[in-house]
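Here are two exercises to work through with the model open beside you. Try each task before you read its solution.

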Amino acid sequence: MSCDLTLLANKGIRSLHPYQPGKPVSELERELGISNIVKLASNENPLGCSHLAIEAMQAEMNEIARYPDANGYYLKEAICKKLAINMDQITLGNGSNDVLNLIARTFAGPGSEVMFSQHAFVVYPIAAKAVEADAVVVPAKNYAHDLEAMGDAITDKTRLIFIANPNNPTGTCETADSLRAFMQRVPEDVIVVMDEAYYEYVDDADYPQTINWLKQFSNMIITRTFSKAYGLAGARMGYSISHEEIAGLLNRVREPFNVNSFAMAGATAALKDVDFLKQAVSLNRRGMDYLTKELDDMGFAYIPSKGNFLTVDMNTDAAAIYEKLLHQGVIVRPVANYEMPNHLRVSIGLMEENQRFISALQKVTGR
Ligand SMILES: *Cc1c(COP(=O)(O)O)cnc(C)c1O
């Protein structure tokens, strides 16, 4: 058979590049002949997750023969209690990534435009192209969203706008005032996704509490995740909050069993552990203070970040520094695929991990 199988895929899929996963830590340790590798590459929670979540997931093991609850009743109930919203406003996903894709499948398609910022989260172009929509990338301003330019770029083909707040990998955050002004410009028939994966880490007074805006802007969808501050990245659990009718539409597209029983049990329990969340946020703040001070002392510029990571300007092609850090046993994230070839993104870790990163960086750059 000589048929080119690539040509069988639809056009949007052919234009995609697969996600480049890192090697497992144990494999890297074997290859490099080192131990004690520190992974600061995926914005995971260095504290792990709440012990309540672990216990709930272990207990769930006894029910493994059963399908999960397709409606996610107990988790939705727990989320509603915390956020004072209604259960029918929630759509659960296999990570918020899943929800972002559901949104694209529901509202965009061939001939429509999906807009997001330069340097924005990688999932947005994938979600757009997978449904054969045109991705419209608006140049960033100081690495942040240029909301005015995004407003100007709306056309009658625009169906969907993704905004990550804070954004990954830049860590930049838009204020309530600027986002509200933007929302007021967006036509009612254009869906705006507020991706709030790092919501729990932000404590700025001018950070928008977008849930309060849903009554005014029924075209807005908020996404949140258990992957970051709650430390459940491996469980894959995210959700959106929206107008009931939007949630109803997303639920038509959603696979009934897209979320597994462990993830739901773990997330439901994690919501109860307020102390764990506080600890995680406080550790992150201390780590951020430490890293920014050390980088200041070394003369490195970085993008001020509201998330659990910091993106640092290496002032030269960062690929070589990334490799050298790897050989020092420190894995960070190159962000050349975000049009930032000189930057490296480092996740905030435990204090000793942050120190490992700093001393490795000193060693490989001589600063
Ligand atoms: C990590 C991250 C997510 C969360 O992804 P999950 O699929 O929930 O693990 C979503 N958006 C942004 C901007 C992120 O950085």
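**Exercise 1. Which residues are around the ligand, and how do they divide by class?**

Step 1. Collect the residues with a heavy atom within 4 Å of the ligand: Gly95, Ser96, Asn97, Phe121, Asn168, Asp195, Ala197, Tyr198, Thr225, Ser227, Lys228 and Arg236. This is a predicted model, where local features need pLDDT of at least 70, side-chain atom pairs count only at pLDDT 80 or more, and totals for chains, interfaces and linings use all residues. Residues are numbered from 1 along each chain as its sequence is written, and side-chain values use heavy atoms, leaving out hydrogens and water.

Step 2. Sort the shell: three residues are nonpolar, six polar and three charged. Here Ala, Val, Leu, Ile, Met, Phe, Trp, Tyr, Cys and Pro count as nonpolar, Asp, Glu, Lys and Arg as charged, and the others, Gly among them, as polar.

Step 3. Look for polar contacts (N or O atom pairs within 3.5 Å). A polar side-chain atom of Arg236 is 2.6 Å from a ligand oxygen. Polar backbone atoms also take part: that of Ser96 lies 2.7 Å from an oxygen atom of the ligand, and that of Asn97 lies 3.0 Å from one.

**Exercise 2. At what angle do helices α5 and α6 pack, and which residues make the contact?**

Step 1. List the contact (heavy atoms within 4.5 Å): Asn97, Leu100, Asn101 and Ala104 of α5 meet Val123, Tyr124 and Ala127 of α6. Five of these residues are nonpolar, two polar and none charged.

How values were computed. Helices (H or I, at least four residues) and strands (E, at least two) are DSSP runs, numbered from the N terminus. A polar contact is a pair of N or O atoms within 3.5 Å; within protein, one must be able to donate a hydrogen and the other to accept it, and residues adjacent in sequence count only if both atoms are side-chain atoms.
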